[in-house]
Amino acid sequence: MMEKSPALGFWDKSSEDQLRGRFPVHRACRDGDTAALSVLLAHGEYDLYTEDHFYGWTPAHWSAYYGKLDCLQLLVTAGVNFDVATQRFHQTPAHVAAFGNQPHCLMWLIQSGASVNAQDYLGETPVHKSARSGGIECLGILKANGAIFRIANNNGHMPKDLALSCSNEPCALYMQQVEDSHHVPNGFSSRDLGRKRGTDDIVNGDLKKARTEDGVESLPAFNGKPSNGTERRQPRTEQSTYMYFTPTLSPPPSLPVDLAPRNPLKPQIRNTSCNI
């Protein structure tokens, strides 16, 4: 008799046996078992792009969701595409790393070249996934690396809307602050406001001196210290523009921590409206 596959997302007491028997690479990635994964990769018997019938994920997705960076790096070293999208849901490892609130995996994927604005079958980017799960640290990483916060999903919902619907108010507030930083009151540009405040203009990295009331040219302080006029200020970049709004990335934990404490065998979703 042919074994019947469970419904997608279904998990029961037999699922662990199925994962061990049919998806050993996925299981090793979930558990962060680099020794077992290295052996499996050396045998070369397994298709590293196989999608399991539980969540439709490849081994790279399991590594990313559970924060097993060592396993993710082993897979990429073995030739796996770090930005692979699943066939059914079109989700990349960056999507699930953001949903699993795994900032170190997300950062590594982005530094490797993963897209921060890729959209899945719901039209959602990694920003939407972070908004759903309450990952403000991941939101900061995404913003600092060029993610767009004003992309609507297929239902017309912005990431901020999802954060509010999932009761993730700090994420919603953070995204509102980012949005507000784009708007300048009274029709002035940021350059105009700089002139009104008497601050300096920067052109091609050169500091243009402001003139005081007594006609003497002066320079603003650098890092809280008076300037002697010899410094050159660095050109403003997108990342530095939002540095104030970017949460600090905390040091990596000494041991990987699963974000599904009630049942480490399956992703935990707080309510149906906040599903991935």
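Analyst: Buried means under 20% relative accessible area, exposed over 50%, and partly exposed in between, with a 1.4 Å probe and protein chains only. This is a predicted model: local features need pLDDT of at least 70, side-chain atom pairs count only at pLDDT 80 or more, and totals for chains, interfaces and linings use all residues. Residues are numbered from 1 along each chain as its sequence is written, and side-chain values use heavy atoms, with hydrogens and water left out.

User: Is Arg 20 buried, exposed or partly exposed?

Analyst: Arg 20 forms a salt bridge with Asp 17, the closest N and O atoms being 3.0 Å apart; a salt bridge is a side-chain nitrogen of Lys or Arg within 4 Å of a carboxyl oxygen of Asp or Glu. The two residues are three apart in helix H1 (residues 15–22), so about one helical turn separates Asp 17 and Arg 20. Helices (H or I, at least four residues) and strands (E, at least two) are DSSP runs, numbered from the N terminus. With a relative accessibility of 41%, Arg 20 is partly exposed.

User: Which residues are linked with Asp 17 and Arg 20 in a network of salt bridges?

Analyst: The structure holds 10 salt bridges. The network that includes Asp 17 and Arg 20 also takes in Glu 16, Arg 27, Arg 30 and Asp 31.

User: Where in the chain do Arg 150 and Glu 179 lie?

Analyst: A salt bridge joins Arg 150 and Glu 179, with 3.4 Å between the closest N and O atoms. The pair links distant parts of the chain, 29 residues apart. Glu 179 is buried, at 12% relative accessible area. Arg 150 is in the loop between helix H9 (136–144) and helix H10 (159–165), and Glu 179 is in helix H11 (residues 169–180).

User: How many disulfides does a search of the whole structure find?

Analyst: A disulfide is counted when a pair of cysteine sulfur atoms lies within 2.5 Å. The search of the whole structure returns zero. For Cys 71, the nearest cysteine sulfur is that of Cys 29, 4.9 Å away. For Cys 105 it is that of Cys 71, at 9.3 Å.

User: Is Cys 105 buried or exposed?

Analyst: Cys 71 has a relative accessible area of 1% and is buried. At 2% relative accessibility, Cys 105 is likewise buried.
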